[in-house]
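Colleague: Could you walk me through reading strands, a helix face and an aromatic pair in a model?
Modeller: Gladly; let us open it together.

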Amino acid sequence: MSISTRLSEVRARIDAAARGAGRDPSSVRLVAVSKTFPPDAVREAYAAGHRDFGENRVQEALEKISASPELSDARWHLLGHLQSNKARKAAPAFAMIQSVDSIDLLQKLDAAAAESGHAPELLVQVDLAGEDTKYGTPPTEVPRILDAAARCRATRVVGLMILPPIPETPEDARPWFRQLRELRDGGLAAGVPAGMLREMSMGMSGDFEVAVQEGATIVRVGTAIFGSRQGSALAP
């Protein structure tokens, strides 16, 4: 099955899940997770009309962007953990960085963005499950990060992201998605500006329909679009 066909199928499933939840399908943005896949796979998705692509590693993304200058209006999302010392490389390269998990990283990205003249949107990655193997900030720290974000000069925090425990079934992910929505709603009730909490990035290939039902505005889908991952994206 071609990437174009898979893309169409995923979009149709998103649309159906949104309509079933009484939502406008256009309120859900699909990020095609191209990590480990070669530039040709990105080009095929781009040719099918797709523009939002997600990468986990800064260096892999930079190499892929450099190898695909013809994709000038593609929007690149950084999904993986970002070390503070790579903020200067990341800030000008990505339209959105979805893995902000500390005030220190937020401030370094803002300084790098101001220096480069680029203004990426940012999401705060929340660790609701307290998993040692994953990054993210505890929910109790989210208000402090949002407060610091209000003082940023160049970057804009626009929402929250979650990478929950891997579910055995799609329904197993629903409580985590619901918790993120409740965290968002609590922030709005506490007076956080709506623009800082307009996005909820949650849901991947195995559970994105449940995420849409629970209010996701961004879903991150890789294998359902590109197929199984094999080796390095830039291998011959």
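We take the strands, then a helix, then the rings.

Modeller: A word on the source: this is a predicted model, where local features need pLDDT of at least 70, side-chain atom pairs count only at pLDDT 80 or more, and totals for chains, interfaces and linings use all residues. Residues are numbered from 1 along each chain as its sequence is written, and side-chain values use heavy atoms, with hydrogens and water left out.

Colleague: In which sense do strand β2 and strand β3 pair, and over how many bridges?
Modeller: Two strands pair if DSSP finds at least two bridges between them; strands (E, at least two residues) and helices (H or I, at least four) are DSSP runs, numbered from the N terminus. Here β2 (residues 52-55) and β3 (residues 75-78) run parallel, with 4 bridges, and F53 has W76 in β3 as its bridge partner. β3 also pairs in the parallel sense with β4 (residues 96-100), over 2 bridges; there L78 stands opposite I97.

Colleague: How do I read the face of a helix?
Modeller: An α-helix has 3.6 residues a turn, so residues three or four places apart point the same way. In α2 (residues 39-47), P39, A41, V42, A45 and Y46 are buried, meaning under 20% relative accessible area, with exposed over 50% and partly exposed in between (1.4 Å probe, protein chains only). Down the axis of α2 these buried residues fall within an arc of 160°, so they line one face; the arc is that of the directions from the helix axis to the C-beta atoms. D40 and A47, on the other side of α2, are exposed.

Colleague: What covers the buried residues of α2?
Modeller: Contact means heavy atoms within 4.5 Å. The cover includes α1 (3-20), β2, α3, β3 and α9 (223-226).

Colleague: And the aromatic rings?
Modeller: A pair of aromatic rings is described by the distance of the centres and the angle of the planes. Rings of Phe, Tyr and Trp (its six-membered ring) pair with centres within 6.5 Å; planes under 30 degrees apart count as stacked, over 60 as edge-to-face, the rest as tilted. The structure holds 2 such pairs. The ring centres of F53 and W76 are 5.7 Å apart with planes at 35°, so this pair is tilted. F53 lies in β2 and W76 in β3, so the pair ties together parts 23 residues apart in sequence.
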